[in-house]
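Dear colleague,

Please find the structure below, handed over for your records. My notes on what was found in it follow directly after.

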Amino acid sequence: SSGHTDSNGPTTMHNAWNGGMSHVDGYIFPCYSCGNPAKQMDDTISYLSSHSIMSGEASNSTESVGVKYGMLWIDVEGTQYWS
């Protein structure tokens, strides 16, 4: 993990809905050495929101808010990734 949001995330979520997926979630792989993991989660949520992707009941929305995701998963790995 680089500690930065994935710039491909919003497009990938839109493409998942456009491709007919019935549920769309995301995940965050927090960077141990990049600071507060809660802030990394907040940054991810803010980044998605800035691209009209909101949390809530996962459904392909035609509203002006764009699309929604069901949940953000946290990918916690072993200590070998903590440097």
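Helices (H or I, at least four residues) and strands (E, at least two) are taken here as DSSP runs, numbered from the N terminus. The model is a predicted one, in which local features need pLDDT of at least 70 and side-chain atom pairs count only at pLDDT 80 or more, while totals for chains, interfaces and linings use all residues. Residues are numbered from 1 along each chain as its sequence is written, and side-chain values use heavy atoms, with hydrogens and water left out.

Overall architecture

The protein has two helices and four strands, arranged along the sequence in the pattern α-β-α-β-β-β. Of its 83 residues, 22% are buried (under 20% relative accessible area; exposed means over 50%, and partly exposed lies in between, with a 1.4 Å probe and protein chains only). The accessible surface, computed by the Shrake-Rupley method with a 1.4 Å probe and, for residues, with only the protein chains shown as cover, comes to about 5600 Å². Carbon and sulfur atoms account for 52% of that surface. Taking a contact as heavy atoms within 4.5 Å, 63% of the contacts between residues at least 6 apart in sequence join residues at least 24 apart.

Helix H1

Helix H1 spans residues 9–18, and Pro10, Met13, Ala16 and Trp17 are buried in it. Seen down the axis of H1, these buried residues fall within an arc of 125°, so they line one face of the helix; the arc is that of the directions from the helix axis to the C-beta atoms. They pack against strand E1 (26–28), helix H2 (37–50), strand E2 (53–55) and strand E3 (67–69). After H1 comes Gly20, which has a positive phi, near 95°.

Helix H2

A search of the whole structure finds one salt bridge (a side-chain nitrogen of Lys or Arg within 4 Å of a carboxyl oxygen of Asp or Glu). Its partners are Lys39 and Asp43, whose closest N and O atoms are 3.0 Å apart. The two residues are four apart in helix H2 and so are separated by about one helical turn. Both are partly exposed: Lys39 has 47% relative accessibility, and Asp43 has a relative accessible area of 34%.

Thr44 is also found in helix H2, but counts as buried at 15% relative accessibility. Leaving aside neighbours within four places in sequence, Thr44 is in contact with Thr5, Ile28 and Leu72.

The disulfide

The structure holds one disulfide, defined as a pair of cysteine sulfur atoms within 2.5 Å. Cys31 and Cys34 form this link, with their sulfur atoms 2.2 Å apart; the link is right-handed, with 60° about the S-S bond. Cys31 is buried, at 8% relative accessible area, whereas Cys34 is partly exposed, at 38%. Cys31 sits in the loop between E1 and H2. In space, Cys31 and Gly3 are 5.0 Å apart, C-alpha to C-alpha, although 28 residues separate them in sequence.

A surface patch

Tyr27, Met71 and Trp73 form a nonpolar patch on the surface, with about 380 Å² of accessible area together. Patches consist of residues with over 30% relative accessible area and no salt bridge, like charges being joined within 9 Å and nonpolar side chains (Val, Leu, Ile, Met, Phe, Trp, Tyr) within 5 Å. Met71 lies in the loop between E3 and strand E4 (72–74) and is partly exposed, with a relative accessible area of 39%.

With kind regards
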